[in-house]
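Please keep the structure open while reading.

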Amino acid sequence: MIVTCLCILAVDFTIFPRRYAKTETYGTSLMDLGVGSFIVTNSLVSRQARGISSMSWKAAFKSSSPLLVLGFGRLLSTRSVDYQVHVAEYGVHWNFFFTLAAVTILTSIIKIPPKYSGLFGLSLLVGYQWWSVNGLNLYLLSNERGTDLLSQNKEGLFSILGYWGIYLLGVQLGYHLFFGDHKPELKSKKWATIKVSCLSIIFWLTTVVLDSHVERASRRMCNLAYATLVLAQNLQVLAILMLSDCIGVSSISTLEEAINRNLLGTFLVANVLTGLTNMLVDTIFSTPLSALSILVTYAYLLSIITGIADFYGMRIKFW
């Protein structure tokens with residue numbers, strides 16, 4: 001979350017290395033991993049992964065309503081101040097909050113047991129990939145758009161299939177590794193660490209094969225290679241963190257705890273501060289020194305606001 005919040009503003013300055021920015025069509029970069037990582041981390045600890053019964057469609061819509069409000073709020077705010085929006089990322093009207101809401105609603109109303117959600121998710125991703133290499137990719141990557149809502153938001157709407165597939169795979173992984181019929185013994189934790197490490201290697205190898213012989217990874221379409229990439233990367237990080245637990249020394253800072261307890265709130269504040277900075281500063285023409293000063297000030301403000309919110313028990317949640 002901290003890396004994401006720093007990158008969404010830093011990318012607007014020329015000092016930010018362009019190789020870390022989001023790719024236009026195909027490829028992998030630091031910022032390409034953000035969206036998929038949100039989906040993976042949410043799925044690993046989701047209601048479904050923990051074996052909690054699915055909600056009705058009314059309850060699912062209600063729980064996702066804050067995300068829909070945020071999505072429409074972002075759309076209206078960016079339109080009202082003529083804020084620069086990269087249309088090729090999600091489309092003309094779509095944004096990341098709508099994608100999160102769509103995945104949450106689909107997973108809640110289509111009740112798939114966690115033991116089989118991975119198989120369903122993999123089938124969905126493979127079918128979507130077959131559709132992509134048989135002509136869909138040409139449509140999604142084309143800059144031509146019609147006047148209908150589907151054509152105007154084709155990247156956001158079609159990529160839901162990929163993100164939902166990632167989420168379903170994450171649900172089964174979370175259930176199998178952490179929330180299934182396992183006893184919280186030290187041996188089980190070590191075995192879980194080994195399994196996470198092996199799964200990470202398998203997903204990395206699969207990504208290399210898919211990227212080389214099927215279709216290159218594309219965040220814009222959320223194709224199969226991108227799905228295995230974000231799963232590999234997140235499982236690798238998780239394996240490293242689980243290995244660090246074996247040391248037996250755990251030290252979490254107050255700021256980490258504050259952000260952990262209010263992830264969505266932190267992300268919203270970061271978006272607001274990013275928008276205000278772009279309205280007040282011509283980021284493209286900022287010198288390296290001024291850009292660094294602005295980023296440090298932004299990081300401090302974000303940390304202070306998050307800390308104060310945690311101190312007073314303010315939470316923004318949608319689950």
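## Confidence

What is the mean pLDDT of the protein chain, and what percentage of its residues reach 70 or more? The model is a predicted one. Its chain has a mean pLDDT of 87, and 92% of the residues reach 70 or more.

Among the elements of the chain, the lowest mean pLDDT, 76, belongs to helix α3 (residues 57-80). The highest, 94, belongs to helix α13 (residues 288-311). Where pLDDT is low, predicted coordinates should not be read in detail.

## Annotated spans

An unreviewed UniProt entry places the feature "transmembrane region" at residues 92-112, 119-140, 160-179, 191-212, 224-243, 263-285 and 291-313.

Two of these spans can be described by their geometry. Residues 191-212 are 100% helix and 0% strand, with 32 Å between the end C-alpha atoms. For residues 291-313 the figures are 91% helix and 0% strand, and the end C-alpha atoms lie 33 Å apart.

## Nonpolar core

The largest nonpolar core holds 51 residues. Those touching the most other members are Ile39, Phe96, Tyr163, Ile166, Leu173 and Tyr226. Two or more residues of this core come from each of α2 (33-44), α3, α5 (96-109), α6, α8, α9, α10 and α12 (263-280). Helix α10 gives the largest share, 11 residues.

## Second largest pocket

The second largest pocket contains about 240 Å³ of space. It is lined by 15 residues, of which Gly118, Leu122, Leu169, Phe203 and Leu231 are the closest to its centre.

Which helices supply at least two residues each to the lining of this pocket? They are α6 (114-141), α8 (154-179), α9 (186-213) and α10 (224-245). By residue class, the lining consists of 10 nonpolar and five polar residues, with no charged ones.

## Two single residues

Is Trp164 buried or exposed? This tryptophan sits in helix α8. Its relative accessible area is 6%, which is under the 20% cut-off, so Trp164 counts as buried. Between the C-alpha atoms of Trp164 and Ser212 there are 24 Å; along the chain the two are 48 residues apart.

Cys222 belongs to the loop between α9 and α10. Its phi is near 55°, a positive value in a residue other than glycine. Cys222 also counts as buried, because its relative accessible area is 0%.

Key. Residues numbered from 1 in each chain as written. Predicted model: local features only at pLDDT ≥ 70, side-chain atom pairs only at ≥ 80, totals over all residues. Heavy atoms only, no water. 1 Å grid on protein atoms, 1.4 Å probe; cavity = no way out; pocket = protein on both sides within 12 Å on 5 of 7 lines; lining within 4 Å. Points joined across faces, edges and corners; volume = space filled by probe spheres on them. Helix = DSSP H or I, 4+ residues; strand = E, 2+ residues; numbered from the N terminus. Nonpolar A, V, L, I, M, F, W, Y, C, P; charged D, E, K, R; others polar. UniProt positions renumbered as here; feature names shortened; annotations may be inferred. pLDDT = per-residue confidence, 0-100. Core = buried A, V, L, I, M, F, W, Y, C linked by side-chain atoms within 4.5 Å. Buried < 20%, exposed > 50% of the residue type's maximum accessible area, 1.4 Å probe, protein only.
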